[in-house]
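Please consult the sequence and the structure shown below.

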Amino acid sequence: MADLTHQRGTKPMLRMAIAALIAFGLDRLSKVVIVHWLDLASVHRIPVWPPYLNFVMAWNKGVNFGFLNAFDARWLLVAISIVVSIALAMWVRNKSGWVVPLAAGAIIGGALGNAYDRVVYGAVADYLNMSCCTIDNPYSFNVADVLIFGGAIVLIWGHEAEARRRT
């Protein structure tokens with residue numbers, strides 16, 4: 001019986017780990033290409049498809065929309081990213097299917113991507129800026145943010161679908 005439980009926990013963890021590695025890799029690759037190779041850190045703005053998509057450099061010391069930017073919460077935010085990632089990984093261990101482990105992996109990879117930035121740069125490198133319809137969006141975000149947000153939506157949806165299947 002212990003062997004069966006171990007096997008059940010291995011597949012979701014493996015799926016989650018692969019998704020997390022891919023998510024982390026996509027985030028790092030995008031930052032290397034856009035921030036370093038295209039030198040966005042120096043030029044600060046690169047029009048891609050104005051006004052819909054521009055690369056606009058922003059070093060975010062806080063969380064979404066610059067919240068907590070005025071405080072030196074760097075190490076607290078790194079710790080939160082790590083603790084949430086571990087807790088989410090432990091929670092996924094007993095889940096079945098593909099959706100929940102992959103969504104959790106996207107969240108974990110994104111969270112660790114932003115934590116990496118905080119450790120290495122002291123702030124998260126945000127660079128994606130999207131505006132539309134005469135609205136000039138002053139905020140930038142990054143691939144990790146998309147993975148965290150999208151992963152959270154899919155995780156909630158997948159968990160609810162799994163719960164409905166059981167009843």
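The following text treats the sheet, the nonpolar surface patch and the disulfide in turn.

The model is predicted, so local features need pLDDT of at least 70 and side-chain atom pairs count only at pLDDT 80 or more, while totals for chains, interfaces and linings use all residues. Residues are numbered from 1 along each chain as its sequence is written, and side-chain values use heavy atoms, with hydrogens and water left out.

**Sheet.** Three strands make an open sheet in the order S1-S2-S3, paired antiparallel. Strand S1 (45-49) and strand S3 (124-129) stand at the edges with a single partner strand each, so one side of each has no neighbour in the sheet. On average, neighbouring strands of this sheet are turned by 30° against each other, direction ignored. The angle rests on axes, which are lines fitted to C-alpha atoms (for helices over the stretch in contact), with angles running from 0 to 180 degrees between N-to-C directions. Strands (E, at least two residues) and helices (H or I, at least four) are DSSP runs numbered from the N terminus, and two strands pair if DSSP finds at least two bridges between them.

S1 and S2 are joined over four antiparallel bridges and form a hairpin with three residues between them. Within this pairing, Pro47 stands opposite Asn54 in S2, and Ile46 has Phe55 in S2 as its bridge partner. S2 and S3 pair antiparallel over five bridges, and Asn60 stands opposite Val124 in S3.

**Nonpolar patch.** Trp59, Trp75, Tyr116, Val119, Val120 and Tyr121 make a nonpolar surface patch of about 570 Å². Patch residues have over 30% relative accessible area and no salt bridge, with nonpolar side chains (Val, Leu, Ile, Met, Phe, Trp, Tyr) joined within 5 Å and like charges within 9 Å. A salt bridge is a side-chain nitrogen of Lys or Arg within 4 Å of a carboxyl oxygen of Asp or Glu. Areas come from the Shrake-Rupley method with a 1.4 Å probe; for residues, only the protein chains shown count as cover. Helix H4 (residues 99-121) supplies the largest share of the patch, four residues, whereas Trp59 lies in strand S2 (residues 53-60).

**Disulfide.** The model has one disulfide, defined as a pair of cysteine sulfur atoms within 2.5 Å. Cys132 and Cys133 form this disulfide, with their sulfur atoms 2.5 Å apart.

The accessibility classes are buried (under 20% relative accessible area), exposed (over 50%) and partly exposed (in between), with a 1.4 Å probe and protein chains only.

| Residue | Relative accessibility | Class |
|---|---|---|
| Trp59 | 37% | partly exposed |
| Cys132 | 32% | partly exposed |
| Cys133 | 56% | exposed |
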